[in-house]
Amino acid sequence: MDTGDELIALELSSSAFAERDRTEAFHQIYGREILKLEIEPLPDTALQIDMKLRALPGMSVAAATVSPIFCRHTEAMIDNDDPVIVLNRDGAATHNQNGHETHLGPGDAILTTNGLPGTATNYTTRRVVTWRISRALIGPLVSNFDDAIGKPLDRQNPALSLFLDYLGIVNERQTLANAAMRRAVVNHMLDLGALLLGATPDAAEMANMRGVAAARMRSIKAHIRAQSGNPGLSLDSVAAKQGISKSYVRRLFELEGMSFTEFVLNQRLALAYKMLTEVSLAGRSISEIAHQSGFNDISYFNRTFRRVYGASPSEIRVRK
């Protein structure tokens with residue numbers, strides 16, 4: 001699978017077709033041509049598929065909401081042997097491939113492949129995320145790769161939550177505007193995918209240094225942004241939330257050339273700036289905004305705000 005070096009975004013919806021020919025039109029255009037699947041709605045149900053597809057070099061991620069259907073990937077549709085990890089977010093389904101029948105509920109995942117025939121039945125409306133990756137890229141990183149096809153993945157594997165969280169990066173166009181970043185994201189996903197499937201010792205070592213660190217940092221920063229207005233946000237609380245040590249959190253920030261304290265301060269100042277320039281918050285005092293941005297010391301807030309923005313909070317409010 002080769003998408004070049006660009007980010008490709010595609011959105012598919014069966015509702016784009018008239019009700020009377022929705023099933024056949026979607027089947028012909030998207031099912032056989034793009035998804036390589038024969039798709040049939042279950043009896044007494046209407047076909048509804050809404051999908052967002054994002055493709056990067058060597059991999060693609062699809063997030064879909066699908067009505068109850070039966071899918072078949074036939075021998076005639078096989079044109080590659082790329083593995084596909086199916087992450088079941090909600091709903092119930094059964095997959096049959098490689099001699100295995102696997103039942104999936106919310107939170108379950110399975111390794112499938114485009115290189116073997118198989119079927120899947122969605123018994124309910126289902127929310128699912130799939131990650132397709134070039135076998136040439138991930139195959140050498142995983143032990144007993146072929147044996148895992150068609151079997152459920154261990155939902156207790158710590159790599160699963162990191163993998164799911166990191167997948168969201170494919171929707172961040174600004175983050176992926178740089179070609180080097182796109183390649184880095186593919187490498188990070190390879191690392192996390194290998195850990196999820198059973199990495200070789202060498203691949204596991206690389207994954208922990210690269211993909212896991214990137215996924216951890218992404219999760220840590222998201223948590224800090226969400227909690228920046230909380231005065232109780234601290235290195236201790238962040239480490240506890242992530243289930244990792246304080247020294248590891250510090251090291252991750254040091255690798256990016258900053259400290260934990262600096263990042264938290266910058267997020268709190270950015271939150272304060274945003275609140276100061278929002279018309280709807282014009283009635284709030286500067287001390288209120290400082291407190292709601294996580295600052296307990298108004299003098300410290302004023303001093304650091306001026307240092308970063310070159311003006312006092314009151315001056316920024318007047319300008320806006």
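**Figure 1. The N-terminal end of helix 4 is capped by Asn157.** In this predicted model, a side-chain oxygen of Asn157 lies 2.9 Å from the backbone nitrogen of Ala159. Helix 4 itself comprises residues 158-167.

**Figure 2. Several residues of helix 4 are buried.** These residues are Ala159, Leu160, Leu162, Phe163, Tyr166 and Leu167. An α-helix has 3.6 residues a turn, so residues three or four places apart point the same way. The cover over the buried residues of helix 4 includes strand 4 (59-66), strand 6 (83-90) and strand 11 (126-133), together with helix 5 and helix 7.

**Figure 3. Helix 4 packs against helix 7 (residues 211-227).** The two helices meet at an angle of about 65°, and their axes are 9 Å apart. Helix 4 is therefore roughly perpendicular to helix 7, since angles of 65 to 115 degrees are classed in this way. The crossing of helix 4 with helix 7 is left-handed. Helix 4 contributes Leu162, Asp165 and Tyr166 to the contact, while helix 7 contributes Val212, Ala214, Ala215, Arg216, Arg218 and Ser219. Sorted by class, the residues of this contact are five nonpolar, one polar and three charged.

Figure 4. Apart from neighbours within four places in sequence, Asp191 is in contact with Met206, Ala207, Arg210 and Gly211.

How values were computed. Residues are numbered from 1 along each chain as its sequence is written. This is a predicted model: local features need pLDDT of at least 70, side-chain atom pairs count only at pLDDT 80 or more; totals for chains, interfaces and linings use all residues. Side-chain values use heavy atoms; hydrogens and water are left out. Contact means heavy atoms within 4.5 Å. Axes are lines fitted to C-alpha atoms, for helices over the stretch in contact, and angles run from 0 to 180 degrees between N-to-C directions. Helices (H or I, at least four residues) and strands (E, at least two) are DSSP runs, numbered from the N terminus. Angles under 35 degrees count as roughly parallel, over 145 as roughly antiparallel, 65 to 115 as roughly perpendicular and the rest as oblique. A crossing is left-handed if the near helix is turned anticlockwise from the far one by less than a right angle, and right-handed if clockwise. Ala, Val, Leu, Ile, Met, Phe, Trp, Tyr, Cys and Pro count as nonpolar, Asp, Glu, Lys and Arg as charged, and the others, Gly among them, as polar. Buried means under 20% relative accessible area, exposed over 50%, partly exposed in between (1.4 Å probe, protein chains only). A polar contact is a pair of N or O atoms within 3.5 Å; within protein, one must be able to donate a hydrogen and the other to accept it, and residues adjacent in sequence count only if both atoms are side-chain atoms.
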